[in-house]
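Thanks for coming, everyone. I have one model to walk through, and I'll keep it short.

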Amino acid sequence: MKTLQFREAIQEAMSEEMRRDETIYLMGEEVAEYNGAYKASKGMLEEFGAKRVIDTPIAEMGFSGIAVGSAMNGNRPIVEYMTFNFSLVAIDQIINNAAKMRQMSGGQFNIPIVFRGPTASAGQLAATHSQSFESWYANCPGLKVVVPSNPADAKGLLKSAIRDNDPVIFMESEQMYGDKGEVPEGEYLIPIGVADIKRKGTDVTIVSFGKIIKEAYNAAETLAEEGIECEIIDLRTVRPLDYEAIFESVKKTNRLVILEEAWPFGNVSTEITYQVQNQIFDYLDAPIVKINTADTPAPYSPNLLAEWLPNSEDVIKAVKKVLYRK
């Protein structure tokens, strides 16, 4: 094992795959000369040259469309958005072209693209730069949606995403690029669609993904001091979603809390809640509790932002609620 920052794990995954396959290239704003807005492509221009690490204009619709056409002609683009908030400019290309082309062409065209970049809030960036679009893209058939929470998962999942013949939305976090973690030496892949049990427990299942899962870890440590053992599942992928991993855990703990950094209406936690009550209702000993952001645009004020975002105290309260404890 070696220790890498999250950004370094992303860079290693892209570089290793680009060395392996010359049809892979990276394009986006500031990915080349500036080494990436978050330094996730550091050194790649020097190694691969300007034909494979391409700085683009501030024109997400344009370069996303170029990527779709390029993929239809045998290439495997990686498109970096400086933030997924900017992907809204390109959402027509992502939804109406990348996601649907294989079906609309009767299987004549695969679209092997990775659209990657940071998602969700990143401090005081205000309402238009602090949004979570995981459930938006997961709602569209034809797209896979991956949201890793640590460097090891990021590297293994990104390599799998790059090799996938379907378009993959790969969502990171500005607040995680500096996170350090152990990463296996040598070649390894993590399959898309497989959740991971990050902490074993018997009293309650907590399901989460992305950077907000850190609040679940903090809550679990505090609750353990009171004799409450939480099982934490990191989804890693929200489309396809590993329902079986959730079901097996809930069958053991009989209680479920879902933590997601997203608005409360119609999100990933809503889907999980429905599937659990529909498939394994008899195993539940308490109603499911889901924890989301407040139902407002993200505030700029640090005090309001702290209230808007879910935190470990919210998780502790939810766990005690499903355990009928005060």
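Glutamate 16 has a relative accessibility of 21%, so it counts as partly exposed. On the cut-offs: buried means under 20% relative accessible area, exposed means over 50%, and partly exposed is in between, with a 1.4 Å probe and protein chains only.

Some ground rules. This is a predicted model: local features need pLDDT of at least 70, side-chain atom pairs count only at pLDDT 80 or more, and totals for chains, interfaces and linings use all residues. Residues are numbered from 1 along each chain as its sequence is written, and side-chain values use heavy atoms, with hydrogens and water left out.

Back to glutamate 16. Which side chain does glutamate 16 meet in a salt bridge? Lysine 155, at 2.8 Å, N to O. Glutamate 16 sits in helix 1 (residues 6–20) and lysine 155 in helix 7 (residues 151–163), so this pair ties together parts that are 139 residues apart in sequence. Lysine 155 is at 0% relative accessibility, so it counts as buried.

Two terms there. A salt bridge is a side-chain nitrogen of Lys or Arg within 4 Å of a carboxyl oxygen of Asp or Glu. Helices (H or I, at least four residues) and strands (E, at least two) are DSSP runs, numbered from the N terminus.

How many salt bridges does a search of the whole structure find? The count is 25.

Next pair: arginine 20 and glutamate 17. Their side chains meet at 2.7 Å, N to O, in a salt bridge. Both are in helix 1, 3 residues apart, so about one helical turn separates them. Is glutamate 17 buried or exposed? Buried, at 0% relative accessible area. Arginine 20 is partly exposed, at 45%.

Glutamate 47 lies in helix 2 and arginine 19 in helix 1, so the pair ties together parts that are 28 residues apart in sequence. Glutamate 47 is partly exposed, at 41% relative accessibility.

Now the network. Salt bridges link Lys2, Glu12, Glu16, Glu17, Arg20, Lys155, Lys159, Arg163 and Glu187. Both Glu16 and Lys155 from the opening pair belong to it.

On to the backbone. Most residues other than glycine have a negative phi, and most peptide bonds are trans. Here are some exceptions.

Which peptide bond is cis? The one from arginine 239 to proline 240, with omega near 0 degrees. Proline 240 is in the loop between strand 12 (237–239) and helix 9 (243–253).

Asparagine 35 has a positive phi, near 65 degrees. Its loop runs between strand 2 (24–28) and helix 2 (44–48). Asparagine 35 counts as partly exposed, at 23% relative accessibility.

Alanine 120 also has a positive phi, near 65 degrees. Alanine 120 is in the loop between strand 5 (114–118) and helix 6 (134–138). Alanine 120 is buried, with a relative accessible area of 6%.

Cysteines, quickly. How many disulfides does the structure hold? The count is 0, where a disulfide is a pair of cysteine sulfur atoms within 2.5 Å. Cysteine 140 is buried at 8% relative accessible area, and cysteine 230 is buried at 0%.

Last, the annotation. UniProt, in an unreviewed entry, places "domain: Transketolase-like pyrimidine-binding" at residues 4–179. UniProt positions are in the numbering used here, feature names are shortened, and annotations may be inferred rather than shown by experiment. The span is 36% helix and 16% strand, and its end C-alpha atoms lie 8 Å apart.
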